[in-house]
Amino acid sequence: MPRFPALRPFTAPLLCAFTAAAHGAAPFESDSPWMLGDWNGTRGELAERGYRFNLDYTGEMGSNLHGGHDHDRTARYSDQFAFGSHLDLEKILGWDATEFQLTVTERHGNNISNDRINDPRVGGFTSAQEVWGRGQTWRLTQMWLKQTYFDGALDLKVGRFGEGEDFNSFPCDFQNLAFCGSQVGNWVGDSWYNWPVSQWAARLRYNLTPELYAQVGAFEQNPSNLERHNGFKLSGSGTQGAMFPLELVWSPAIRGLKGEYRAGYYYSNANAKDVYRDDNDQSAALSGQNYRSRSSKHGFWLGAQQQVTSLASDHSRGLSVFANATLHDKKTNVIDNYVQAGVVYRGPFDARAKDDIGFALARVHVNPAYRKNAEAHNRAAGVSDFDDPAYLPVQDTEYSAELYYGIHLADWLTLRPNLQYIRHPGGVGRVDDALVGGLKIQSHF
């Protein structure tokens, strides 16, 4: 994800300038984009010929300083390596306006949210360490081909990638999952698969104006892709249907300050389980019958990012605001709505012009039908004592807040110490509010 408030992808001229500036950079130079430098000029030469390689690392530490389900003040660490290559096939093979991307990721470690913050009987919604998840394993995360047509007005992308790479996308500098990446995938995770999971997909984008584009996609919905041992699975066995996202994206420059506004809709034609009712329109938990199978699932999202101030001497410095909201199918989804908002200030001090400060708040709301299902489950089991291991805690609303300071030590290394406050972890009011201390490391080798 780009570092906020860089709201739009690099254009070709910027990439050329970037390559020129980095050409010849020695290892560990602070103004080099890579810790290992330009490989004595080889890296820059390869880029000019169409070959770009990257090795990125993200590490996150989380410690429950106070509260949570288990008050033991231990810490957990999780991380991710991403090995990628981007090929300009016009330069390499003469294929007009064609690119290829290949990325393999590896995740491992543990998450403080799992056994210290959230009640393990129901788990949680947000995660204090967003880089953890989807199986701590190796995965083929990107393998796609993209070609543009009509002087760049239309582009088609096909291969393996996740929905959040193009749709409902959002930067990932915060450490709490509620403020990182595509939020639809966080709350409809059984249907919408974000990074690092990939699936067969196609995305078509048309630029209506230089500032406005529309895009539509079709993504294989195959739960077997989520399984740890299927990180490199390419067959379509296990496919249950398809996810179809549609989005309109407007990227204006208001008084010279960049913004990005997104509005989208998703529809899944795969069968989805009702969260409460059986085939007779009764409580499945009470009747003991199977939950009703619904023929589809759908939802909406809105997102906004806007830089609102800048310095005359450096337009990259200043205050930016953002907000995101999602709305989901109440018949089939545990979360029926989610909202968050926050601010980022880049370059807070003249001596630290590349540092940034971020603060955000989020609210995750549980579908009332899902709450009714938990209550029915407890009645059917004959349990009412919250401390009974067989009791299923009733979940309602979870609130999260995060404050971070990004220390830009070099163009290839940023440290983001942070504090997170989670009220009603997992939406369970009986779980103590938690204060989490974190540290996020973002590095480019």
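A hairpin of six residues leads from β1 to β2 in this predicted model. The two strands, β1 (residues 51-68) and β2 (residues 75-88), run antiparallel and are joined by 13 bridges. Strand β1 also pairs with β19 (residues 432-444). That pairing is antiparallel too, over 11 bridges.

Tyr77 in β2 stands opposite Met61. Leu439 in β19 stands opposite Met61 as well.

Strand β8 (residues 241-250) has two partners described here. Strand β7 (residues 212-221) is joined to β8 by eight bridges, and the two run antiparallel. Strand β10 (residues 257-268) pairs with β8 in the antiparallel sense, again over eight bridges. Leu248 of β8 can be followed across both pairings. Ala214 has Leu248 as its bridge partner. Ala263 in β10 is opposite Leu248.

| Strands | Bridges | Sense |
|---|---|---|
| β1 and β2 | 13 bridges | antiparallel |
| β1 and β19 | 11 bridges | antiparallel |
| β7 and β8 | eight bridges | antiparallel |
| β8 and β10 | eight bridges | antiparallel |

In a regular strand, side chains alternate between the two faces of the sheet.

Next come the aromatic rings. How many aromatic pairs does the model hold? The count comes to 16 aromatic pairs. One of them is Phe81 with Phe83, a stacked pair. Their ring centres are 6.2 Å apart, with 20° between the planes. Phe81 has a relative accessible area of 25%, so Phe81 is partly exposed. Phe83 is also partly exposed, because its relative accessibility is 33%.

Trp192 and Trp301 make another pair. Their planes stand at 80°, so the pair is edge-to-face, with ring centres 5.5 Å apart. This pair links distant parts of the chain, 109 residues apart. Trp192 sits in the loop between α5 (183-187) and β6 (199-209). Trp301 belongs to strand β13 (residues 297-307). Are these two residues buried or exposed? Both Trp192 and Trp301 are buried.

Ring pairs also build a cluster. Its members are Phe170, Phe174, Phe179, Phe322 and Tyr404.

Two arginines sit over aromatic rings. The charged end of Arg121 lies over the ring of Phe386, 4.8 Å from the ring centre. Arg160 lies over the face of Trp200, at 5.2 Å from the ring centre.

The surface carries a nonpolar patch. Which residues form the patch? They are Leu93, Trp95, Leu145, Tyr149, Phe150, Leu156, Val158, Leu204, Val216 and Leu246. Together they have about 880 Å² of accessible area. Strands β4 (138-149) and β5 (154-161) each supply at least two of the patch residues. Tyr149, a member of the patch, is found in strand β4. Its relative accessibility is 33%, so Tyr149 counts as partly exposed.

Gly135 lies in the loop between α4 (112-117) and β4. With 25% relative accessibility, Gly135 is partly exposed. Where does Ser198 stand relative to Gly135? The two are 63 residues apart along the chain, and their C-alpha atoms are separated by 13 Å.

Terms used
Residues are numbered from 1 along each chain as its sequence is written. This is a predicted model: local features need pLDDT of at least 70, side-chain atom pairs count only at pLDDT 80 or more; totals for chains, interfaces and linings use all residues. Side-chain values use heavy atoms; hydrogens and water are left out. Patches are made of residues with over 30% relative accessible area and no salt bridge: like charges are joined within 9 Å, nonpolar side chains (Val, Leu, Ile, Met, Phe, Trp, Tyr) within 5 Å. Accessible areas come from the Shrake-Rupley method with a 1.4 Å probe; for residues, only the protein chains shown count as cover. A salt bridge is a side-chain nitrogen of Lys or Arg within 4 Å of a carboxyl oxygen of Asp or Glu. Helices (H or I, at least four residues) and strands (E, at least two) are DSSP runs, numbered from the N terminus. Buried means under 20% relative accessible area, exposed over 50%, partly exposed in between (1.4 Å probe, protein chains only). Rings of Phe, Tyr and Trp (its six-membered ring) pair if their centres lie within 6.5 Å; planes under 30 degrees apart count as stacked, over 60 as edge-to-face and the rest as tilted. A charge sits over a ring if NZ of Lys or CZ of Arg is within 6 Å of the ring centre and within 35 degrees of the ring normal. Two strands pair if DSSP finds at least two bridges between them.
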